[in-house]
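Student: I'd like to learn how to read a protein structure. Could we go through one together?

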Amino acid sequence: MAAPRRAAVLGSPIAHSLSPVLHRTAYQELGLADWTYDRFEVDEAGLPAFFETLGAEWAGLSLTMPLKRAVIPLLDDISETAASVDAVNTVVRTDDGRRIGDNTDIPGMVAALREHGIEEAGSAAILGAGATASSALAALSRICPGEIAVYVRSEARAAEMRQWAERLDVAVRIAGWADAEQALSAPLVISTTPAGVTDALARSVPERPATLFDVLYDPWPTDLAARWSAYGGAVVSGLDLLVHQAVLQVEQMTGLTPAPLDAMRKAGERALAGR
C-alpha cells in the first residue's frame, strides 16, 4: 500500500483560499484516498522554518502572496516559466528530495483563455501593474504578437512593467490610470487589480465589448464583469484561472493526468456559492 502523501497551500492571509476544495476534489476523483491537502498561514518570515519541517511525505506546495518570490532562495531549481517573472506558485518535491519551483499561473491564464475560444489576440490591455500583471504579461507574450497597453496607478509600477516587458521581449505601451477607460476597447482586456478598483470603469464599457479576463473570483461578478457580460462581451473569470492553474499543480504533484477540470470547477462554484 502506498504511503500517505501531503500537500498544502501557504500564504498570508490564507483562510479564503479555495485551493483545498479544488485539490481535495481532484484527489477524490483520481482515487487518491491516502492524499491530504491543507492550508497554512505562513508569511515571509516564517517560510524558512516551515520548509525545515517538510519530510518525505510531502509531494508539493501551492504558494500565494506574499510568498511567490520569497520562496525562490529555498528551492533547488525553478522552471523557465517561473524564472521569467521571478514568481513561484508551485513547489514539487522530487523522489530524491529536491524542491523544484514552477509557475502555473502563466499557462493557467493561457488555458483559461483557450477554453473560451481565445487562441490569439492581435493586441491587448492590462489593468494594473502588480505581481499578477507580470504573469498576465508573460501569458500575453505567448498569444499576443501586437502591442500590449498597461494602465498603471503609479510611476514606480510603470517602471516595473517596462522592465518585465524588456525581459519578456514584448511590445508594451504604459499609460496612466486616468486613461484606463481606453483599455476597454481592446480585443482582450485583463484586469489584475484588487476588488473595487475597476468599479468606476463599468460605466465606460463599450456597446460591443470583446473579451474581459477579470482575475478576481470573490466577490463575483465585479461591477466591470457584470456590465461587460450585460453588453454581450465574453468574460473569463478568476475562478477559471484558479481552476486551470490548480489542474496543472495537481498533475505535477501527483504525476497523474488529466486532472478532473470539470469536477474541480464545480466544487469551486459550490464553495463560492456557500460564502
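Student: How many residues does helix H1 have, and how far does it reach from its first C-alpha to its last?

Tutor: Before that, some ground rules. This is a predicted model, where local features need pLDDT of at least 70, side-chain atom pairs count only at pLDDT 80 or more, and totals for chains, interfaces and linings use all residues. Residues are numbered from 1 along each chain as its sequence is written, and side-chain values use heavy atoms, with hydrogens and water left out. Helices (H or I, at least four residues) and strands (E, at least two) are DSSP runs, numbered from the N terminus. The expected span of a helix is 1.5 Å times one less than its number of residues. Now H1: it covers residues 19-30, has 12 residues and reaches 16 Å, close to the 16 Å expected. After H1 comes Gly31, with a positive phi near 75°.

Student: Which residues of H1 are buried?

Tutor: Buried means under 20% relative accessible area, exposed means over 50%, and partly exposed is in between (1.4 Å probe, protein chains only). An α-helix has 3.6 residues a turn, so residues three or four places apart point the same way. In H1 the buried ones are Ser19, Pro20, Leu22, His23, Thr25, Ala26 and Tyr27. They pack against strands E1, E2 and E3 plus helices H8 and H9, where contact means heavy atoms within 4.5 Å.

Student: What is the strand order in the open sheet of six strands?

Tutor: Two strands pair if DSSP finds at least two bridges between them. Here the order is E9-E8-E7-E10-E11-E12, with parallel pairing. The edge strands, E9 (172-176) and E12 (234-236), each pair on one side only. In the E7 and E10 pair, three bridges join the strands, and Ala125 stands opposite Val189.

Student: Which helix packs on this sheet, touching E10, E11 and E12?

Tutor: That's H4 (residues 105-115), whose direction makes about 140° with that of E11. Axes are lines fitted to C-alpha atoms, for helices over the stretch in contact, and angles run from 0 to 180 degrees between N-to-C directions.

Student: Why does Thr211 count as buried?

Tutor: Because its relative accessibility is 7%. Thr211 lies in E11, and beyond its neighbours within four places in sequence, its contacts include Ile118, Val189, Trp228 and Val236.
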